[in-house]
Amino acid sequence: MCGIVGYIGKQKAAPILLAGLAKLEYRGYDSAGIAVMENGKIEVQKDKGRVCNLCEKKEIENLQGSIGIAHTRWATHGEPSKINSHPHTDSNEEFAVVHNGIIENYVELRKELEKKGYSFKSDTDTEVIPNLIHYFYNKEKTSQEDVNDENNNELKFVKAVKQATDKLIGSFAIEVLSKENPDIMVVVRKDSPLVIGKGYNENYIASDIPAILSYTKDFYLLENLEFAMLTRDNIRFFDKDLKEFNKKSDTITWNAMAADKNGYEDYMLKEIYEQPTAIRETIGTRVNEGICKFDELDFSKEYLQSLTQIYIVACGTAMHAGLAVKSTIERLSKIHTEVDIASEFRYRDPLVDEKTLCIFITQSGETADTIAALKLCKEKGAKTLAVTNVIGSSITREADYSIYTHAGPEIAVASTKAYTSQITLLVLLAMYFAQILENIEKHELENIIKEMLVLPNKIEDILKSTEQIQEIAKQMYKEKDVFYLGRGIDYTTATEASLKVKEISYIHSESYAAGELKHGTIALIEKGINVIGIMTDPNLVKKTVSNIEEIITRGAVTTVVINEKIAQTLDTRIFTNVIRVPETETWLSPIVTIVPLQLLAYYISKEKGLDVDKPRNLAKSVTVE
Ligand code: G6P
């Protein structure tokens with residue numbers, strides 16, 4: 001939650017900061033602000049509302065300074081308002097701070113600081129940080145000699161930030177400006193992301209790489225409690241004890257276009273259309289001559305045989321990807337597999353031990369509950385495997401193993417290409433387990449791989465024409481409630497499709513296992529209600545059709561997603577709308593069937609005139625509990 005950007009160089013900082021914030025709005029967008037070093041003074045401009053509100057401000061246009069910090073907020077402590085927006089300064093206005101994360105002990109710290117004479121303007125947890133820094137900075141002032149020694153002053157600044165962060169309980173990524181040190185910026189992170197982009201005589205900071213990817217490809221991925229002191233042409237790194245060290249930079253291969261809309265009206269639409277590429281890239285070098293390769297994993301047959309269970313833990317859409325692969329992993333590995341919601345799992349003392357393999361799925365690699373669940377499993381002795389899209393993200397630093405989807409940056413809050421790439425990678429992982437365990441015949445493996453390789457073409461076919469889906473969206477957009485039904489693997493797709501429509505079109509939606517409907521929920525079915533049925537499993541189709549007939553009898557308007565083969569076995573005239581998708585192996589079907597349903601949610605949201613990429617109350621990266 002919350003996005004932060006920083007710039008220190010020779011150009012005007014404000015436009016660079018605003019452009020970076022605009023790319024980070026997916027992390028929060030209820031208020032925004034910047035602080036720029038202007039003629040030795042810290043000039044703060046902030047307000048409630050989106051980043052674009054700031055762009056229109058004359059005061060910001062007039063800022064000439066070339067060092068600055070910026071923030072886009074997703075409120076946790078204190079309502080969205082100008083006063084609660086970041087940056088925050090200490091009561092003497094000598095330090096300015098932007099912060100992403102949560103300070104859990106801010107109430108106690110605030111009381112301590114008030115006793116020392118500091119006063120507070122906002123309701124935020126963040127405001128204690130600049131005040132703590134001010135306190136320690138001034139406490140450190142020794143002799144006049146020291147104050148005049150520039151290097152010593154700089155170090156005093158880093159030291160004050162370190163002493164302040166020593167006091168903090170919780171998570172933080174912070175950028176700090178100091179009036180007395182106008183050519184320096186200090187940054188540090190703990191459990192919230194922060195990257196530094198290295199330019200020529202200029203340096204950039206951001207919560208994630210895409211925000212500053214158009215300026216540089218060389219990045220430092222800051223680890224927990226590493227401090228960086230930045231000037232225009234230098235970056236010094238200090239560890240948690242303030243011992244200076246050299247850090248290696250990473251070169252990122254994504255291009256900046258990948259993080260732009262590239263001609264599409266919305267990021268979500270672009271990302272839906274990027275799915276064929278994302279899946280191709282994710283399969284990438286993992287399959288070779290009919291076998292699956294995971295060189296970063298060293299699982300032996302003995303280890304896999306020793307496992308009594310696999311736990312898949314995640315949140316939101318990533319958790320739905322887990323549901324979509326549960327039965328595939330069970331069937332191919334013959335290991336009992338459970339899927340759980342990270343925020344529930346972590347507090348219920350789960351039965352996990354060294355005979356459990358714990359898999360964590362997270363697009364961002366930053367979701368607080370997922371990371372906490374991973375730490376818990378490690379403590380209990382289990383091996384942990386992270387499945388993520390973001391190289392160097394927090395979860396990859398905690399997990400025993402990390403494997404990556406190659407979906408490219410996903411910006412829209414509603415996840416699309418990350419979901420289909422996660423399923424792709426996890427099916428490959430299931431096949432890899434089966435290979436090691438010798439549970440699968442060579443020809444069987446070859447057949448699934450063959451089928452996987454043509455999946456991107458099948459999705460391209462669906463994406464070629466969207467008129468029918470747009471038409472259904474027009475029929476549905478005024479609805480208050482909709483239902484999604486399916487059995488087996490199709491039920492998992494129903495669950496994800498239902499979330500998509502809720503997230504971006506604000507229509508109340510429920511997903512149901514088709515057979516469960518009549519145990520209560522059918523009472524809600526009345527004339528005209530929209531029900532969407534998904535039927536791709538030939539073994540279950542007849543059963544689902546019976547359930548759909550039961551609701552047609554009660555007046556429902558039905559839309560079904562079926563494949564060509566299933567269509568041949570049914571009298572499709574009983575349904576109001578029939579969306580046909582290409583046929584594929586049942587295990588892989590969620591990757592195909594979700595695509596028209598992502599589009600349906602998208603077009604419903606467009607019909608309603610909503611902001612598809614930034615739905616109300618949501619944030620893409622949920623770094624708080
Ligand atoms: C938020 C997003 C969802 C996402 C979930 C998990 O709720 O809005 O789209 O699925 O977080 O995020 P992760 O980065 O862990 O996959």
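This is a predicted model: local features need pLDDT of at least 70, side-chain atom pairs count only at pLDDT 80 or more; totals for chains, interfaces and linings use all residues.
Searching the whole structure turns up two cavities of 30 Å³ or more. The largest cavity holds about 290 Å³ of space. Its lining is made of 26 residues, and those closest to the centre are Tyr-26, Asp-208, Ile-209, Ser-364 and Val-390.

Where in the chain does the lining of the largest cavity come from? Domain 1 (3-255) and domain 2 (261-453) each give at least three residues to that lining.

Now the open space. In the largest pocket there is about 670 Å³. Lining the largest pocket are 32 residues. Nearest the pocket centre you will find Cys-315, Gly-316, Thr-317, Lys-620 and Val-622, if you want to pick them out on the structure.

Which element supplies the largest share of the lining of the largest pocket? That is H11, with five residues. Helix H11 covers 316-333. Among the elements that supply at least two lining residues each, besides H11, are strand S20 (356-362), helix H13 (368-379) and helix H18 (489-505).

On class again, the lining of the largest pocket divides into 15 nonpolar, twelve polar and five charged residues.

To recap, the largest cavity is about 290 Å³ with lining residues from domain 1 and domain 2, and the largest pocket is about 670 Å³, with H11 giving the largest share of its lining.

Definitions and conventions
Residues are numbered from 1 along each chain as its sequence is written. Side-chain values use heavy atoms; hydrogens and water are left out. On a 1 Å grid over the protein atoms alone, a cavity is a set of points where a 1.4 Å probe fits but cannot get out, and a pocket is an open set with protein on both sides within 12 Å along at least five of seven lines; lining residues have an atom within 4 Å of a point. Grid points are joined across faces, edges and corners, and a volume is the space filled by probe spheres set on the points. Domain bounds come from an automatic or database domain assignment. Helices (H or I, at least four residues) and strands (E, at least two) are DSSP runs, numbered from the N terminus. Ala, Val, Leu, Ile, Met, Phe, Trp, Tyr, Cys and Pro count as nonpolar, Asp, Glu, Lys and Arg as charged, and the others, Gly among them, as polar.
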